[in-house]
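Subject: Structure for your records

Dear colleague,

Here is the structure I said I would pass on. My notes on it follow below.

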Amino acid sequence: MKWRQVQASPASVYVLVLAPEEEALARITAFAREQSLGASQVTAVGAFSRAVVGWFDRQAKEYRRIGVDEQCEVLSLLGDIVIGEDGPTAHLHAVLGLSDGTTRGGHLLEGQVWPTLEVIVRDSPAALAKIHRPDIGLALIDPEAGPG
């Protein structure tokens, strides 16, 4: 991955360009931890050689995995980076375009980059925390909670 900070003030903006074979979610999360990001927006376009998106099953309180085992265009990738139990964590949703013009979408669980993924990360000086909600089965942003 190559990256560059394109704005420092009043809030940092980064451009990340992921390389072939990098796993998108892991690489973006690693970058967030390296830069100590705590309240960021993420957008991206590019392509994956394969991916897994998820649909949250409310009753099972877990994601149903939806595999995309073909080259696909990342038509839209949106999300945030906030402080989770393990530090800064990317939470991303994707719409993926398939060769027949159909789409698959959901919570991005895995995405193998090919040939590139161009990511914009807009950070803010604030920090937000996700708090696990056992009643829902997810960690959700709590605007009143501080990180840690």
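Helices (H or I, at least four residues) and strands (E, at least two) are taken as DSSP runs and numbered from the N terminus. On that basis M1 sits in the segment before β1 (2–7). Please note that the model is predicted.

**M1 and F31**

M1 is partly exposed because its relative accessibility is 24%, and partly exposed covers the range between under 20% (buried) and over 50% (exposed). Not counting residues up to four places away in sequence, M1 touches L16, V17, L18, A19, E22, R27 and F31. The C-alpha atoms of M1 and E118 are separated by 10.0 Å, while the two residues are 117 residues apart along the chain.

F31, one of the residues that M1 touches, is found in helix α1. F31 has a relative accessible area of 0%, so it is buried. With neighbours within four places in sequence left aside, the contacts of F31 are M1, W3, Y14, L16 and L37. F31 and P20 are 11 residues apart along the chain, and their C-alpha atoms are separated by 17 Å.

**Annotated domain**

The UniProt record, an unreviewed entry, places the feature "domain: PPC" at residues 8–144. Over residues 8–144 the chain is 8% helix and 64% strand. The end C-alpha atoms of this stretch are 26 Å apart.

In soluble globular proteins, nonpolar side chains tend to be buried together. Here the largest nonpolar core has 29 residues, of which F48, L77, L96, L117 and V119 touch the most other members. At least two residues of this core come from each of β2 (13–18), α1 (24–34), β3 (39–57), β5, β6 and β7. For L77, leaving aside neighbours within four places in sequence, the contacts are V42, T43, A44, F48, L92, H93, A94 and L108.

**Largest pocket**

The largest pocket has a volume of about 400 Å³. It is lined by 18 residues, and those closest to its centre are T89, H91, K130, L138 and A139. Two or more lining residues come from each of β5 (72–84), β6 (87–97), β7 (103–123), β8 (129–133) and β9 (138–142). By type, the lining divides into 10 nonpolar, five polar and three charged residues.

**Backbone points to check**

Most residues other than glycine have a negative phi, and most peptide bonds are trans. The following places depart from that pattern.

- The peptide bond from S9 to P10 is cis, with omega near 5°; P10 is in the loop between β1 and β2.
- The peptide bond from W114 to P115 is also cis, with omega near 0°; P115 is in strand β7.
- S36, in the loop between α1 and β3, has a positive phi near 55°. S36 counts as exposed because its relative accessibility is 59%, and exposed means over 50%.
- K61, in the loop between β3 and β4 (62–68), has a positive phi of about 55° and is not a glycine. At 38% relative accessibility, K61 counts as partly exposed.

Regards

Note on methods:
Residues numbered from 1 in each chain as written. Predicted model: local features only at pLDDT ≥ 70, side-chain atom pairs only at ≥ 80, totals over all residues. Heavy atoms only, no water. 1 Å grid on protein atoms, 1.4 Å probe; cavity = no way out; pocket = protein on both sides within 12 Å on 5 of 7 lines; lining within 4 Å. Points joined across faces, edges and corners; volume = space filled by probe spheres on them. Nonpolar A, V, L, I, M, F, W, Y, C, P; charged D, E, K, R; others polar. Core = buried A, V, L, I, M, F, W, Y, C linked by side-chain atoms within 4.5 Å. Buried < 20%, exposed > 50% of the residue type's maximum accessible area, 1.4 Å probe, protein only. Contact = heavy atoms within 4.5 Å. UniProt positions renumbered as here; feature names shortened; annotations may be inferred.
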